[in-house]
Amino acid sequence: MSEIRATTISNAAGTGPITLTKQEGVKARCVYALNTPALTDSFNCSSLTDRATGRASVNLTSSMSNATYSLVAMNLYVTSGTAKYWSCACDDNSNTAQTTSAASVVTTYGDQNEEHFWDSPRVNVSIVGDLA
């Protein structure tokens, strides 16, 4: 097996750092409480914008290369008794378009009869794509 050791990797001209392109993986992630609203943990997320009940925008520190990145979101919904509810957190692109610097998220819950927007106490978001 080969081993590479270096203290500095420079561009071809030797005048600056190399540019890394076409790398896949999670480029931003955050956990936020929309009922507060506040970021509680994050990587490459600078702030949270509370747009309406159940709707938020996660603002990115470093922009993505385009607005067609993949967004995965989950939220916490605690219920009691025998009520059978579903909950969902997903991109809110149909309401507020994703941009290279902000991802829109919606959190909802409901039963077989109706859907409600709500400010979840815990939302997890991961963004995958290329950075600008």
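## A tour around strand β7

By the rule that rings of Phe, Tyr and Trp (its six-membered ring) pair if their centres lie within 6.5 Å, with planes under 30 degrees apart counted as stacked, over 60 as edge-to-face and the rest as tilted, the count comes to one aromatic pair. Select tyrosine 109 and tryptophan 118: their ring centres are 5.8 Å apart and their planes stand at 85°, so the pair is edge-to-face.

This is a predicted model, in which local features need pLDDT of at least 70 and side-chain atom pairs count only at pLDDT 80 or more, while totals for chains, interfaces and linings use all residues. Residues are numbered from 1 along each chain as its sequence is written, and side-chain values use heavy atoms, with hydrogens and water left out.

Colour next by pLDDT, the predictor's confidence in each residue, from 0 to 100. The chain averages 84, and 89% of the residues score at least 70; confidence is lowest in strand β6 (residues 86-91), at a mean of 76, and highest in β3, at 94. Strands here are DSSP runs (E, at least two residues), numbered from the N terminus.

Now select residues 102-110, strand β7, where nine of the nine residues are buried, that is, under 20% relative accessible area with a 1.4 Å probe and protein chains only. Ala102, Ser104, Val106, Thr108 and Gly110 point one way from the strand, whereas Ala103, Val105, Thr107 and Tyr109 point the other way. In a regular strand the side chains alternate between the two faces of the sheet.

Strand β4 (residues 55-60) runs antiparallel to β7 and is joined to it by five bridges, with alanine 56 opposite valine 105. Strand β8 (residues 115-117) is also antiparallel to β7, through three bridges; glycine 110 stands opposite glutamate 115, and four residues lie between the two strands of this hairpin.

Centre on valine 58: leaving aside neighbours within four places in sequence, its contacts include Tyr32, Leu48, Ala103 and Val105, where contact means heavy atoms within 4.5 Å.

Methods: Buried means under 20% relative accessible area, exposed over 50%, partly exposed in between (1.4 Å probe, protein chains only). Two strands pair if DSSP finds at least two bridges between them.
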